[in-house]
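Dear colleague,

Please find below the structure that I am handing over to you. My findings follow directly after it, and I would be grateful if you read them alongside the model.

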Amino acid sequence: MNEIRRLSPEAEARLNQGLRGLWYPVLPSWAVQGTPVGITRLSQNIVVWRDADGAVHATEDRCPHRGARLSLGWNLGDRVACWYHGIEVRGDGVVTSVPAVRNCPLEGQKAIASYVAREINGAIFLYFPIADEPPPPLDLPEEMTSDAYSRMLCTAHWNCNWRYAVDNVMDPMHGSYLHAQSHSMAEGDKQAEFRTRKTPTGLVFEKTGQMGVNFDWVEFGNSGAIWLRLSIPYRKKFGPGGMFTIVGFVVPVTEDSCRVFFWRIRKVQGWQRGVWRFLYRTRLEGLHWQVLEQDRVVLENMAPDARGNEYLYQHDVGMSRVRRILEQEAARQVAHA
């Protein structure tokens, strides 16, 4: 099953840098405290900071005067001041003060891009617009919104294009091989048949003869943000046993790197919530990091132009369909730019 696709160079570049018109988690909440923080996401340089009330602001990380990084400057609450010449820029990108010059025409202008920010479950989400449109609603899976669930966030930087990381999650069969020694993926068949089924937000790719034993299904969804959902079993020696859910996001950094955000989630109430969080921190988290590290090593060492030299088979149908969805959206965005 070889696939030949012909995206325009512009659409390929858009897809490699990251689709717009979407919300993305960009940082864990704990990473933004008193000083401005400079990051790169979707190949854009961004400064993120908090005001005195703890609200998050984000703008382009560029002083409109000479181009110095605003993230090197001072947090003044609802604005940041450039270290180079003291230019003050508000969270909406408007210059509020040019202290070195009286009546500077730059004052009052929206001189740099700004980003709408939301804080959800210990992470800062930013909206990356296609043009100047307002952000759409961010409708996340129930596990990310309901108080019935307890959530633990893991996030890591990977030196690979974000599309490879999405491919990796859309490939449940790799759990039986790459993660065969894992506490949660050591069991189950080494062969499987798969099927896809549509959902209101995307699709589910699942094994037909085995469920709840290994990494047996994955869901791709787009509901204002692109997310991936799956469930993984764990053994009773690590707690009450059963399944826990993972909801993941892959965020492009540059064309050659990305950041992954995975929430490990369990439906627990009352005293069990505290027990689950204790067991996770003391017995499970290190094991999960080992699994993520295995993924990272494989993806960072893929052969050059791996995607252009593939021979795909039935296990890759879900991955292939998601690729097509993303490619079609990249072509649409470029065509309407």
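Gly18 follows helix H1 and has a positive phi, near 125°. Please note that the model is a predicted one. Helix H1 itself spans residues 9-17, and its buried residues are Ala11, Arg14, Leu15 and Asn16. These buried residues of H1 pack against H3, strand E17 (242-254) and H5.

The crossing of H1 and H5 is right-handed. On the H1 side, Glu10, Ala11, Arg14 and Leu15 take part, and they meet Leu326, Glu327, Ala330, Ala331, Gln333 and Val334 of H5. By class, this contact of H1 with H5 comprises 6 nonpolar, 1 polar and 3 charged residues.

H5 (residues 317-335) also packs with H3 (residues 162-169), here at an angle of about 145° and with the axes 9 Å apart. H3 and H5 likewise form a right-handed crossing. The residues of H3 involved are Trp162, Arg163, Val166 and Asp167, which meet Met319, Val322, Arg323, Leu326 and Glu327 in H5. The contact of H3 with H5 holds 5 nonpolar and 4 charged residues, and no polar ones.

As for H3 on its own, 8 of its 8 residues are buried. Among them are Tyr164, Ala165, Asn168 and Val169. At the start of this helix, a side-chain oxygen of Asn161 comes to within 3.0 Å of the backbone nitrogen of Arg163.

The loop that joins helix H4 (271-300) to H5 contains His315. This histidine counts as buried because its relative accessible area is 13%, which is under 20%. Its side chain reaches the backbone oxygen of Ala192 at 2.8 Å. Leaving out residues up to four places away in sequence, His315 touches Met173, Ala192, Phe194 and Phe205.

With neighbours within four places in sequence left aside, Gln109 is in contact with Gly93, Val94 and Val95. The C-alpha atoms of Gln109 and Val94 are separated by 5.2 Å, while the two residues are 15 residues apart along the chain.

Finally, I turn to the cysteines. How many disulfides does a search of the whole structure find? The search finds 0. For Cys63, the closest cysteine sulfur is that of Cys82, at 3.9 Å; a disulfide requires sulfur atoms within 2.5 Å, so this pair is too far apart for a bond. Cys63 is buried, at 1% relative accessibility. The sulfur of Cys258 has its closest cysteine sulfur in Cys160, at 4.1 Å, and this distance is also too far for a bond. Cys258 is buried as well, with a relative accessibility of 0%.

With kind regards

Notes
Residues are numbered from 1 along each chain as its sequence is written. This is a predicted model: local features need pLDDT of at least 70, side-chain atom pairs count only at pLDDT 80 or more; totals for chains, interfaces and linings use all residues. Side-chain values use heavy atoms; hydrogens and water are left out. Axes are lines fitted to C-alpha atoms, for helices over the stretch in contact, and angles run from 0 to 180 degrees between N-to-C directions. Helices (H or I, at least four residues) and strands (E, at least two) are DSSP runs, numbered from the N terminus. A crossing is left-handed if the near helix is turned anticlockwise from the far one by less than a right angle, and right-handed if clockwise. Contact means heavy atoms within 4.5 Å. Ala, Val, Leu, Ile, Met, Phe, Trp, Tyr, Cys and Pro count as nonpolar, Asp, Glu, Lys and Arg as charged, and the others, Gly among them, as polar. Buried means under 20% relative accessible area, exposed over 50%, partly exposed in between (1.4 Å probe, protein chains only). A polar contact is a pair of N or O atoms within 3.5 Å; within protein, one must be able to donate a hydrogen and the other to accept it, and residues adjacent in sequence count only if both atoms are side-chain atoms.
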